[in-house]
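Trainee: Could you walk me through this model, one piece at a time?

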Amino acid sequence: MEDGIQSRTVLAGGSAIAYLEAGPPSGPVVVLLHGLASDSGTWDRAIAPLAAHGLRVLAVDLIGHGASDKPVRSYLLDDFADSLRDLFDVLGVEAATVCGHSLGGAIAVQFGSRHPVRMQRLVLVSAGGLGREVHPVLRAAALPVAPVVLRLATHSRLRRLYARPRLHRALRLTPDNVTNLRRAGRALGTSEGQAAFFAALRGVIEPAGQRGSFIDMGTLAAHVPTLLVWNANDPVIPVAHAHAAARHLPSSRLVVFEGSGHEPHRREAERFADEVAAFVGAT
């Protein structure tokens, strides 16, 4: 791959786990966790800049996602956290800075709670698990009828329609919108991917909103150095969740980028990498 980024797969916990790796092998380890209906590709713009700071970067395809195995199993936060521990064991990573976006943020917090000695620092990027509010589309996806609707929406004829540039122009989709839709299409294009998606989603979201808050549960650990990164106008998970977490963790650092979108690590990848590298260096 470009920019010295290597694509690898290992067997961890009985399942094949795919990940991208870049940066010096001896550098401080930063593990990147993506969100729902996504994969390690969401970090495509940030990996090389992070590695350029001397960090060893591991961008993981969570189990049930991307090129990793999608076994028939539960996909609760505990399951993801334990799968990540197994990956650490196989790769010989004793501890790392764990950076999670959206669902990946909730997994990062759970990982630190279950395996505290393996987490050096926590980076939460537009993270789930810090409040009830979430985009209505995700709430609707938690309804019982949602799997049937998704199967119809991902029929092969409709998938060909979605790929047409004319439709993208009519809907005024940006190149980033198209990239994200393609990534979601890969994630939801198979029955196994869809099953893993709904199992993971229903573990953290119900029709009324997110299932709970790590703040209320006291799961966020004050002794773990924490960086929060958000866009000011995030349409999926409101920036108010970041401010609430920052108040709960007065020693944490909060960085809010101007603009909208749910992916600050892609919209301002260079600045994101600078902030994470400075955070690792300072803590």
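**Strands and pairs**

Trainee: Which residue in β4 is the bridge partner of Ala 22?

Mentor: In β4, Ala 22 has Val 57 as its bridge partner. Bear in mind that this is a predicted model, where local features need pLDDT of at least 70 and side-chain atom pairs count only at pLDDT 80 or more, while totals for chains, interfaces and linings use all residues. Residues are numbered from 1 along each chain as its sequence is written, and side-chain values use heavy atoms, with hydrogens and water left out.

Trainee: And how many bridges join β2 to β4, and which way do they run?

Mentor: There are 4 bridges between β2 and strand β4 (residues 56–60), and the two run antiparallel. Two strands are said to pair if DSSP finds at least two bridges between them, and the elements themselves are DSSP runs numbered from the N terminus, with helices being H or I of at least four residues and strands being E of at least two.

Trainee: What about β1 and β2?

Mentor: Strand β1 (residues 6–12) is joined to β2 by 7 bridges, again running antiparallel, and Ala 12 stands opposite Ser 15 in β2. The hairpin that they form has 2 residues between the strands, and there Gly 13 takes a positive phi near 65 degrees.

Trainee: How many residues of β2 are buried?

Mentor: In β2 (residues 15–22), 8 of its 8 residues are buried, where buried means under 20% relative accessible area, exposed means over 50% and partly exposed lies in between, using a 1.4 Å probe and protein chains only. Both faces are covered, with Ser 15, Ile 17, Tyr 19 and Glu 21 on one side and Ala 16, Ala 18, Leu 20 and Ala 22 on the other.

Trainee: Switching topic, how many aromatic pairs are there?

Mentor: The count is 4 aromatic pairs. One of them is Tyr 75 with Phe 80, whose ring centres are 5.9 Å apart with planes at 45 degrees, so the pair is tilted. Rings of Phe, Tyr and Trp (its six-membered ring) pair if their centres lie within 6.5 Å, and planes under 30 degrees apart count as stacked, over 60 as edge-to-face and the rest as tilted.

Trainee: Are Tyr 75 and Phe 80 buried or exposed?

Mentor: Tyr 75 and Phe 80 are both buried. Phe 88 and Phe 111 also form a tilted pair, at 5.1 Å centre to centre and 55 degrees between the planes. Phe 88 lies in helix α2 (residues 77–91) and Phe 111 in helix α3 (residues 103–114), so this pair ties together parts that are 23 residues apart in sequence. Both Phe 88 and Phe 111 are buried.

Trainee: Now the nonpolar core, how many residues has the largest?

Mentor: The largest nonpolar core has 61 residues, and those with the most contacts inside it are Val 31, Leu 33, Leu 130 and Leu 220. Helix α2 gives the most to this core, with 7 residues. Such a core is a set of buried Ala, Val, Leu, Ile, Met, Phe, Trp, Tyr and Cys residues joined through side-chain atoms within 4.5 Å.

Trainee: Last one, which residues of α11 are buried?

Mentor: In helix α11 (residues 240–248), the buried residues are His 241, Ala 242, Ala 245 and Ala 246. Seen down the helix axis, they fall within an arc of 135 degrees, so they line one face of α11; the arc is that of the directions from the helix axis to the C-beta atoms.
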